[in-house]
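Trainee: Before we discuss charges on this model, could you show me the sequence and the structure?

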Amino acid sequence: MSRESILKVMEAEAKADRLVEDARALARKRVEEAARQAELLCAEVEQRTADEISVTLEKIREKTVALSEKTLAEAEAEAQEIRDRAALSRRAAEKIIIGGLHRKCR
């Protein structure tokens, strides 16, 4: 092989080595960029999810408050009904007792 041929081969090998190194550097850059974009996307998705969860929790709180108020109102109405019936029963019992005492006293 002539000296010129050897120099051309060495030059081609050097050029190939530079191309390989450039390709590796480009690949590293693209992997780093992809990782950075993945982190940004994850952060964005996490924030969106947190926002959606917050909205959902607020709706659940509102429904819970409304249900609690409804249940409390129903319980108060039922308690008042029981008090009213108890008052009527007490008055009826008082009349019976007073009537019995009244009859005995005659």
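Trainee: Is Glu4 buried or exposed?

Mentor: This is a predicted model, in which local features need pLDDT of at least 70 and side-chain atom pairs count only at pLDDT 80 or more, while totals for chains, interfaces and linings use all residues. Residues are numbered from 1 along each chain as its sequence is written, and side-chain values use heavy atoms, with hydrogens and water left out. Buried means under 20% relative accessible area, exposed over 50%, and partly exposed in between (1.4 Å probe, protein chains only). Because its relative accessibility is 54%, Glu4 counts as exposed.

Trainee: Which side chain does Glu4 meet in a salt bridge?

Mentor: A salt bridge here requires a side-chain nitrogen of Lys or Arg within 4 Å of a carboxyl oxygen of Asp or Glu. The N to O distance for Glu4 is 3.9 Å, and the partner is Lys8. At 53% relative accessibility that partner is likewise classed as exposed, and the residue that meets Glu4 is therefore Lys8.

Trainee: How far apart are the closest N and O atoms of Glu44 and Arg48?

Mentor: Glu44 and Arg48 are four residues apart in helix H1, so about one helical turn separates them; helices are DSSP runs (H or I, at least four residues), strands are runs of E (at least two), and both are numbered from the N terminus. Glu44 is partly exposed at 46%, and Arg48 is partly exposed at 43%. Their salt bridge has its closest N and O atoms at 3.7 Å.
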